[in-house]
Amino acid sequence: MNNPRPCYLQIAIDTPLNAVFDYRWQCDPAERPQVGQLALVSFARREVVGLIVGVVDETDVPMEKLKDALAVRSQLAPLSAQWLALAGFAADYYQRPLGEVALPGLPKNLRVLTTVALDRALKKLAKLETPHDPTPSNMPVLNPQQQIAADAIGGAQGFKPTLLYGVTGSGKTEVYLQACAQVLEREPDGQILILVPEINLTPQLEGNIRARFPGVMLATLHSSLSEGERMLHWLAAHQGKARIVLGTRLAILSSLPHLKLIVIDEEHDPSYKQQEGLRYSARDLAVWRAWQLQIPIVLGSATPSLESWHHAQSGRYRKLELRERAVQNAVLPTVKLIDMERDKPNDGLTSHLVAAIRQRLERGEQSLLFLNRRGYAPVICCESCGWISECTRCTSFMVLHRPEHRLRCHHCSLEMRIPRHCPTCGNIDIQPLGRGTQRVEEGLQALFPEARILRIDADSTRKKGSAQEAFDTVHRGEVDILVGTQMVAKGHDFKRLTLVGIMNPDTALFSQDYRASERLFAQLMQVSGRAGRAGIPSEVLIQTRYPQHPLYGAVVHHDYDHFASALLEEREQAALPPYLFQALLRAEARELATAIEFLTMARDCMQHPGITINDPIPMTMTRVHNVDRAQLLVESPSRPALQAFLKEWMLTLREMKSRVKWSLEVDPLDI
Ligand code: ADP
Ligand code: ZN
Ligand code: ZN
């Protein structure tokens, strides 16, 4: 009989402490724990699940300090060495401890369930019939450009990043699906990962995939699954049963033992960047993962990010183009600029736009009004003393939400009733200033009482499932006028829409953020792209005070190529990304001075040839929820030099044990 004897498990735990911890385990030699398995341990007086990254026979930790691991989740196949390498790379690159990268991505149930409960889940999965028939159904005939793209992607071997640059409505989805069909057929166990930027886009694509591949198991991974579902889907991917995994950015860290193709739809979308905690770019990690596995990856967009465009220009990525819309007779909409100085808007709407909406109503076609601002009005003010509704906790305003009779801060969620009179001078005449989607909706109701008007924004879709219900209503044709924020601008294939009105895009023209024009251009092209997708002639009307602005000129001509080249040239001259690599150190404290003081110390604590460390400055929105925030930008023309510096710098900063809360973001999007 084999006697158990102790071995030591090196376990990564989800904590900000940059370390792996040793635990003792009575090893049955026949069943020695494996790297990549999960183990239950007690840590800081709690039971937590950690990831085994090493199994060794000796440890430096003194015996009296060693604790026993409580259990090893041996019923679960270990995470593969490749997956561990992916998590390790992300941890390294974004300068976070491994546990903070590897563990939060795992389904909560894997971490909290008792062994018995876990076995029951697992049993459920084992009973699931796994269909295994990759034959696609209802394949439409591709046009020649699509066919070339689908064959190039589906037939690719090895690490081949492809930028699929296709105008809105050019049928990129169909290219992905037919490339998938080729991979599923060629690779008997092969898995495919498809990422979309926003959760609202999953149902449309999920429907397409299920209809196309009825004999293939599809798993979805996004934040609105229940814990039970999430666990089931994650396991289906981990066990290789799910051949296609469709998800939002968090799915990039899912375990896919037979991954053979990655698809990143709308690759330019900022939602691929996680904006808190581990601030990773799912798109960038996807490219790394494809390189690691030496598999093809396709990045699709009508308005590629300048980073990807740059790679395509320099030949690092292969560029495939779809220049025309796929549906017969469908052409890109005619884009017109409406000069608001000449055609003065009433209730935010110029007479041109009103007339165009009326025409659509008469023809029974749909209109979309796009305004990237929710609420009724961004602020209320007193005309006699100048009081405005500022948030008491943030450097921002309280937004008027009229249907709910509230003022709301969109940054700290502070809420209050609408005051009856001015808090400063008592004047009862306080007025909303500017307009958000609710006010536009109200104005439209007054103008077109017979029309069916639907607003889609974060407020109207708070209830689970309500966003999907709203989009379905539009698809069924039960809406005449749709009013919405960026939620409606992306990806949706609205077939009856022939007019897009863009209400107030000018503010972004003068933003200090150097990425603002790239983002505005993409947004305008994307929202314009919702019109005329079924072959009915369509138009886009942009209301602006700056009709001469070159950005609008580029939108009118659907001219991404030139616009992107011009922007890239500007970036090169100004030494900005993608010609420069950046990291941002943020600090927050009750007092701004404390945050600045910490950053100054951070700036001065290291020698740094080849690295530019800028001066600390307050963030544009300095105060949020009574906390002041400042930032320090670090730059280098060399990514490896920046990485090497950051690594050492983080060690030094962690040693300082400052009480200021700070965090580092590598490749920041908003600076
Ligand atoms: P994109 O993602 O490029 O904006 P979609 O993939 O949504 O475009 O496709 C736009 C429309 O074109 C969809 O309604 C799709 O069904 C249709 N479509 C795509 N390919 C073809 C094709 N080869 N023949 C006919 N219709 C197509
Ligand atoms: Zn007043
Ligand atoms: Zn606030």
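This is a predicted model: local features need pLDDT of at least 70, side-chain atom pairs count only at pLDDT 80 or more; totals for chains, interfaces and linings use all residues.
Let's start with Cys-425. Cys-425 has 11 C-beta neighbours inside 10 Å, so it counts as exposed. You'll find Cys-425 in the loop between β19 and β20. Setting aside residues up to four places away in sequence, Cys-425 touches Cys-382, Ser-384 and Cys-385.

Cys-422 sits in the loop between β19 (415–417) and β20 (430–433) too. With 19 other C-beta atoms within 10 Å, Cys-422 is partly exposed. Leave out the neighbours within four places in sequence, and Cys-422 is in contact with Cys-382, Cys-385, Trp-387, Asn-427 and Ile-430.

Those cysteines turn up together in a record: an unreviewed UniProt entry puts the feature "binding site" at Cys-382, Cys-385, Cys-422 and Cys-425. They span 44 residues in sequence, but no two of their C-alpha atoms are more than 8.6 Å apart, so they gather at one spot.

Now over to a pair of helices. Two packed helices are described by the angle between their axes and by the distance between those axes. Here, helix α1 (residues 81–93) packs with helix α9 (residues 282–293) at an angle of about 140°, and their axes are 11 Å apart. That makes α1 and α9 oblique to each other, and α1 passes α9 in a right-handed crossing. On the α1 side, the contact is made by Gln-82, Ala-85, Leu-86, Phe-89 and Ala-90; α9 brings Leu-285, Trp-288, Arg-289, Gln-292 and Leu-293. Sorted by class, this contact has seven nonpolar, two polar and one charged residues.

Terms used:
Residues are numbered from 1 along each chain as its sequence is written. Chains are lettered from A and ligands numbered from 1 in the order in which they are written. Axes are lines fitted to C-alpha atoms, for helices over the stretch in contact, and angles run from 0 to 180 degrees between N-to-C directions. Helices (H or I, at least four residues) and strands (E, at least two) are DSSP runs, numbered from the N terminus. Angles under 35 degrees count as roughly parallel, over 145 as roughly antiparallel, 65 to 115 as roughly perpendicular and the rest as oblique. A crossing is left-handed if the near helix is turned anticlockwise from the far one by less than a right angle, and right-handed if clockwise. Two residues are in contact if their C-beta atoms, placed from the backbone, lie within 7 Å. Ala, Val, Leu, Ile, Met, Phe, Trp, Tyr, Cys and Pro count as nonpolar, Asp, Glu, Lys and Arg as charged, and the others, Gly among them, as polar. UniProt positions are given in the numbering used here, feature names are shortened, and annotations may be inferred rather than shown by experiment. A residue is buried if 20 or more other C-beta atoms lie within 10 Å of its own, exposed if 12 or fewer, and partly exposed in between; C-beta atoms are placed from the backbone.
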